Amino acid sequence: MGLSEGVVKKVLLSYAYVAIWIFLSFTVIVYNKYILDHKMYNWPFPISLTMIHMGFCSSLAYLLVRVFKLVEPVSMSRDLYLKSVVPIGALYALSLWFSNSAYIFLSVSFIQMLKALMPVAVYSIGVVFKKDPFKSDTMLNMVSISVGVAIAAYGEAKFNSWGVALQLLAVAFEATRLVLIQILLNAKGISLNPITSLYYVAPCCFVFLCVPWVIVELPVLRETSSFHFDFVIFGTNSVCAFALNLAVFLLVGKTSALTMNVAGVVKDWLLIAFSWSVIKDTVTPVNLIGYLIAFLGVAYYNHAKLQALKALEAQRKSQQDNLEAGRLLEERDGEGTGKKNETQD
């Protein structure tokens, strides 16, 4: 039995959204590495780069929401903004700052291997905040991912402890941000798409980054008299960063967050291959063995989440079917009672 034209079109569109997201995510990561690495563009100012991204994204988000009104803003009180968005913005600022800083010290391939710890961090923080229940089998899975990443780190040819510390901090802050989004926003019925998220969070993130920028990078930039703002490099880099947010909106909105997680695994392998073949980063067999163990753990984690979602959906459908069956029985009983009363009359 052949698939209908509508189904084929939907499948092809889903693959297109995945391909666009992988391409843009790939581009932003490699572009940031190119700008920050001493051996490439040699502009080692991760806070400044992140602030350029946030300033650009804030401006475009404002235009889309307030000027062109292409996206509806979310109804949000000042109290909710201060208690929910501000902490999320602070964590986002720290996550981006440390993540971009890691590119100065570590290879693209090794950073992707360390990012495999994200499910471990999200689950662990979720348990601490009582958002997720503690399950021994899930924790065992988290341990297997951690062991895989540890083996990959052991096999890293150019291991840099400072770079690893920065990337691990970035993972921890990003995981905390994701958990807080569920607790502070989603639990209150507020859902932010990437555009409204940038509209509310990016300016807050920019302000938080100003403090370390003034202390850490501004004095160095002042001393670097030869520095000039390259509009082509930073402009195209910022456009790619904003386009990536739009791609996230398309991918999650038209498919699911789980699809994005699976696509992320494919992107990581492509980045590792690119890092080894084009950038000429050293990828050792121990690296690959460790990452393969972590990859299998992440794949199992995604599979378990998919099964849980299917079970939840089946439970909801069963409850809905039971309610509909109950209504039908009530209607039939009502009709039967009505006919009986007519007969008696």
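This is a predicted model: local features need pLDDT of at least 70, side-chain atom pairs count only at pLDDT 80 or more; totals for chains, interfaces and linings use all residues.
**View 1. Helix 3 and helix 8 make a right-handed crossing.** Right-handed here has the near helix turned clockwise from the far one by less than a right angle, and left-handed has it turned anticlockwise. Residues are numbered from 1 along each chain as its sequence is written, and side-chain values use heavy atoms, with hydrogens and water left out.

Helix 3 covers residues 78-105 and helix 8 covers residues 194-223; they pack at about 60°, with axes 8 Å apart. Those axes are lines fitted to C-alpha atoms over the stretch in contact, and the angle between N-to-C directions can run from 0 to 180 degrees. The pair is therefore oblique (under 35 degrees is roughly parallel, over 145 roughly antiparallel, 65 to 115 roughly perpendicular, and the rest oblique).

**View 2. Here are the residues where helix 3 meets helix 8.** Look on helix 3 for Tyr81, Val85, Val86, Gly89, Ala90, Tyr92, Ala93, Leu96 and Trp97. Their partners on helix 8 are Tyr200, Val201, Cys204, Cys205, Phe208, Leu209 and Pro212. Sorted by class, that's 15 nonpolar residues, one polar and no charged. (Ala, Val, Leu, Ile, Met, Phe, Trp, Tyr, Cys and Pro count as nonpolar, Asp, Glu, Lys and Arg as charged, and the others, including Gly, as polar.)

**View 3. Helix 5 packs against helix 7.** Helix 5 (residues 118-128) and helix 7 (residues 161-185) sit at an angle of about 50°, with their axes 9 Å apart. So these two are oblique to each other, and their crossing is right-handed. On the helix 5 side, the contact (heavy atoms within 4.5 Å) uses Met118, Ala121, Val122, Ile125 and Gly126. Helix 7 brings Val171, Ala172, Glu174, Ala175, Thr176, Leu178 and Val179. The tally is nine nonpolar, two polar and one charged.

**View 4. The largest nonpolar core has 82 residues.** A nonpolar core is a set of buried Ala, Val, Leu, Ile, Met, Phe, Trp, Tyr and Cys residues joined through side-chain atoms within 4.5 Å. Buried is under 20% relative accessible area, exposed is over 50%, and partly exposed is in between, using a 1.4 Å probe and protein chains only. Trp21, Ile35, Trp43, Phe110, Met113 and Leu209 have the most contacts inside this core. Helix 1 (residues 5-36) gives the most to it, with twelve residues. Leaving aside neighbours within four places in sequence, Trp21 is in contact with Leu244, Ala247, Val248, Leu251, Met260, Ala263, Gly264 and Lys267. A second, separate core has six residues, among them Val122, Ile125, Ala175 and Val179.

**View 5. Serine 25 and aspartate 268 are 243 residues apart in sequence, yet 9.9 Å apart in space, C-alpha to C-alpha.** Serine 25 lies in helix 1 and is buried, with a relative accessible area of 6%. Aspartate 268 is in helix 10 (residues 257-277), and this one is buried too, at 11%. Not counting residues up to four places away in sequence, serine 25 touches Leu244 and Lys267, while aspartate 268 touches Gln112 and Tyr291.

Key
Helices (H or I, at least four residues) and strands (E, at least two) are DSSP runs, numbered from the N terminus.
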